[in-house]
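I opened my notebook to record what I looked up in this structure, entry by entry.

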Amino acid sequence: MAEPSQCQLCSQPATVHLTQIINNHVHTVHLCEACSMNKGVTDPKGFSLSAPLGGAAFPGDKDGSGPTCPSCGQRFSQFKDQGRLGCPGCYEAFTGSLMPMLADMHHSLQHAGKVPLRQFGRLALTQKASELQKELELAIREERYEDAARLRDELRLLSEQAANPTV
């Protein structure tokens, strides 16, 4: 069993361990109960690891001279400290710094949503059928009739699977 770590702020035994992955780098903060409360870890408004890390968790301006949101007046340095944007206008004002950060954190800038587990199989069949339909149309346009017949048969099979799902 690993030894208990010490609080990074006061050297007391750490009881709160926070981990955040940013730009494929793991940032871990170890805090004691008192320091975690003082730093707002239990604050219902939220907590960002950038504060205990000295603001190093987010890219952007280092001296506070970076962009400012014209709608609410929040500076990018405030976002780095708080981990929260002030208003919807901040997204546009800070887009140059936010987009690369979001792409790294979420591996995409397109929201894909979540699918309930029981719907996942049906969604996969629907997506596969859509891909096969596009391939079929292309094969017909290019007069690849043998490929088109194979694709048609695959579409029929998918249609039968969708009509008679096995649970």
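**Entry 1: salt bridges.** I began with the definition of a salt bridge, which is a side-chain nitrogen of Lys or Arg within 4 Å of a carboxyl oxygen of Asp or Glu. I noted that this is a predicted model, in which local features need pLDDT of at least 70 and side-chain atom pairs count only at pLDDT 80 or more, whereas totals for chains, interfaces and linings use all residues. I also noted that residues are numbered from 1 along each chain as its sequence is written, and that side-chain values use heavy atoms, with hydrogens and water left out.

How many salt bridges does the structure hold? I found 5. In one of them arginine 144 pairs with aspartate 147, and their closest N and O atoms are 2.7 Å apart. I then looked up how covered these two residues are, using the rule that buried means under 20% relative accessible area, exposed means over 50%, and partly exposed lies in between (1.4 Å probe, protein chains only). Arginine 144 is partly exposed at 31%, and aspartate 147 is also counted as partly exposed, at 28%. Glu142, Arg144 and Asp147 are linked in a network of salt bridges.

**Entry 2: pairs inside a helix.** I wrote down that helices (H or I, at least four residues) and strands (E, at least two) are DSSP runs, numbered from the N terminus. Arginine 150 and glutamate 154 form a salt bridge at 2.8 Å, N to O. Why can these two side chains meet? Glutamate 154 and arginine 150 are 4 residues apart in helix α6, so about one helical turn separates them. An α-helix has 3.6 residues a turn, so residues three or four places apart point the same way. Both partners are partly exposed, with glutamate 154 at 29% and arginine 150 at 42%.

A further salt bridge joins arginine 156 to aspartate 153, with 3.9 Å between the closest N and O atoms. These two residues also lie in helix α6, 3 residues apart, or about one turn of the helix. Aspartate 153 is partly exposed, with a relative accessibility of 39%.

**Entry 3: helix α5 and what follows.** I counted 25 residues in helix α5 (residues 117-141), which reaches 37 Å from its first C-alpha to its last, close to the 36 Å expected at 1.5 Å a residue. The expected span is 1.5 Å times one less than the number of residues in the helix. Leu132, Leu136 and Ala139 are buried in α5, and the buried residues of this helix pack against α6 (145-163).

Glutamate 143 lies in the loop between α5 and α6 and is exposed, with a relative accessible area of 57%. Most residues other than glycine have a negative phi, and most peptide bonds are trans. I found another positive phi at serine 11, near 70°, in the segment before β1 (16-22). Serine 11 is partly exposed at 47% relative accessibility.

Entry 4: I looked next for a nonpolar core, meaning a set of buried Ala, Val, Leu, Ile, Met, Phe, Trp, Tyr and Cys residues joined through side-chain atoms within 4.5 Å. The largest has 8 residues: Cys69, Phe76, Phe79, Cys87, Cys90, Phe94, Leu98 and Met101. The elements that give two or more residues to this core are α2 (76-82) and α4 (95-106).

Is glutamine 74 buried or exposed? Glutamine 74 is buried, with a relative accessible area of 8%, and lies in the loop between α1 (33-38) and α2. The side chain of glutamine 74 reaches the backbone oxygen of arginine 84 at 3.0 Å. Leaving aside neighbours within four places in sequence, glutamine 74 has contacts (heavy atoms within 4.5 Å) with residues including Cys69, Phe79, Cys90 and Phe94.

**Entry 5: the whole chain.** Buried residues make up 23% of the 167 residues in the chain.

Methods:
A polar contact is a pair of N or O atoms within 3.5 Å; within protein, one must be able to donate a hydrogen and the other to accept it, and residues adjacent in sequence count only if both atoms are side-chain atoms.
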